[in-house]
Amino acid sequence: MYKNNLIKRKKSVCQMLDWTISLGIIVGILTVVLAVIWTLWQEKKGGG
Amino acid sequence: MAAGDEIIFWTVLIVYLAFLAIAGIFAKKKTKTLEDFMVAGRKIGPLLLGLSFGVTYFSAVMIVGGGLQSWIWGLGVVWIASIDVLVGVFLVFVFFGGRTKSLGKHFESMTVPQFISKRYEDPKLQTFTSIVILFFETIYLVSIYMGLAVLLSVIFPTAASITIGTVTVSIPYLVSVVLCGVITIIYLTVGGAHGAIWTDAVESVIMLVGVLLIFFAGIIAVGGFTGLTTTLGSIDPDLLVFPGEGGIGLIGYILVTSFGVWGMPQMISRFYTAEKQRSIKWGLVISCFWAFIVAIFAWFNGSIARALQAQGYPGMASANPTNAVPVLMAAVLPSVLAGLFLAAVTAASLTTGEKVIMIAASGFSIDVYQKRTKCSDDQALKVTRLTTLVVVAVAVVLAILQPDAVLALCMFAWSAMAAVILVPYVFGLFWKGGTAKAALYSGAASFIVAIMWKIIFRGGSLWAMVGGSGAWAIWGSLEGVVLLGQWHEFIISQVVALIAFPLISMLTKDSKPSAEFLNEIFSVMKKSHTEE
């Protein structure tokens, strides 16, 4: 129930903002994810 | 602000300053050598490195200053946050972090001018870049102090003023700047980089909590995202899209704030403080995460303030682009919380210039004095402490008197420093072909172009200062001037440097460092990828 509400709310926030704005936010989130992946990859490379 | 809230304000400010004094005393125990003072003994771990980088980039001043663009340009400013994190944090850590740390340690350099002069094996570069840094970092510090005037005018709208010469200054501004100048001198001269990094950590927490609190209180008050977009759309539909209202100005602003970091000595020197390569790898994650959360929410706040004013929300009538965020804070937060966070943001803003002060001070003590006199590190440390005192004192006096010439220079402090540092620094890390003469001449050309572009195409306020507003009204309205004036001097000067540096390098191969030296430093940098 809570999960469904959360998904609904997330959807509605994205729908309310123009796609050009949503894309900007997604680029920022992907950068943070990329930072984590790059660091883990570097750690693995360094360890290997 | 009510009398009770004023007590909260001054109490929080004094508690924060007392914390700084204590942090300085604790840091003193760790500060025995010049290296300890300048780069915290190269012993900083990932958490403090990541937060320190983030705070130096997005200083507390952004919480207030960011409201201006967000108000004028609307929601498209979220792109500033995302691209700043991608280009100004992620790419900087990935491409420059490890190499700068390794080479900085190899050269035993503690300042950017030292780094550049050793990289190109030319002492003249150290003097040239340090003079530009000393001058423009001091000016930049003045602009940080002056940013506070806006914040304090919201907190104390009816505060008494005094007149010094021809300048009228509000008493809370005068007291805050002098008080914080004195405390900054005490804790920086005692604690150096160690003290500065600990205050960065506190500032990062204040900023995170403050930005989130304002955003959530604001978005609830405006009626959620529906209320925000509906109201902004009714003012101007262009406020809801990117680049929308901002147009080419917004794209230019993004380029300046993201790529500009690549040439800022206070940012580059963060990597000298790293203990290991691992500090940089994990510092990247912490810095990206912190910077994204703070920036994305902070860039919404000006638009929220504008929408609330349009809705006639109580307390928002006096809001304008300049004071949008502090007015929003006072309107949507409970009185006690507003007082608490306005004080915390004020205090954090006042100490945000600490790295700028250290860079400016070392510009003289290490890059000029020690280089010329060949004095010991102990002697250089004493001179650095003395120069710190002088830089802060000069900045405080200029921030109070606010002479027109300083106001004019504040506008291109970033562009001027990036002009002489960015291209030689970046090329120096990746290209063996760069020469000392290319670094010097391309830096000088880029510096001159930055200043000339500002005066000729973007100089409305500069012309007004020397009584030329009438002439600007004619010149500035020409179609070509309007068109070219949309391009920031940072972008133009960097394009000049990008073309000039490789070209001059090819023409001045006589000033290129030896092949053995280049092979040695590039192998040092290559090893940085596999070091722990």
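**View 1. Helices H5(B) and H12(B) side by side in the predicted model.** Here the axes of H5(B) and H12(B), the latter spanning residues 277–310 of chain B, come within 9 Å and cross at roughly 165 degrees. An angle over 145 degrees counts as roughly antiparallel, so that is how H5(B) runs relative to H12(B). Their crossing is right-handed.

**View 2. The residues where H5(B) meets H12(B).** On the H5(B) side, look for B:Val78, B:Phe90, B:Phe93, B:Gly97 and B:Lys101, among others. Facing them from H12(B) are residues including B:Gln277, B:Leu284, B:Cys288, B:Phe292 and B:Trp299.

View 3. Setting aside neighbours within four places in sequence, B:Leu103 is in contact with B:Ile521, B:Val524 and B:Met525. Now find B:Val89, 14 residues away along the chain: its C-alpha atom and that of B:Leu103 are separated by 20 Å.

**View 4. Where chain A touches chain B.** In this view, 20 residues of chain A are in contact with 26 residues of chain B. On chain A's side, helix H1 (2–16) and helix H2 (19–47) each supply at least two residues. H2(A) gives the largest share, 16 residues. The chain A side divides into 11 nonpolar, 7 polar and 2 charged residues.

Note on methods:
Residues numbered from 1 in each chain as written. Chains lettered and ligands numbered in written order. Predicted model: local features only at pLDDT ≥ 70, side-chain atom pairs only at ≥ 80, totals over all residues. Contact = placed C-beta atoms within 7 Å. Helix = DSSP H or I, 4+ residues; strand = E, 2+ residues; numbered from the N terminus. Nonpolar A, V, L, I, M, F, W, Y, C, P; charged D, E, K, R; others polar. Axes fitted to C-alpha atoms, helices over the stretch in contact; angles between N-to-C directions. Parallel < 35°, antiparallel > 145°, perpendicular 65-115°, else oblique. Left-handed = near helix turned anticlockwise from the far one by under 90°.
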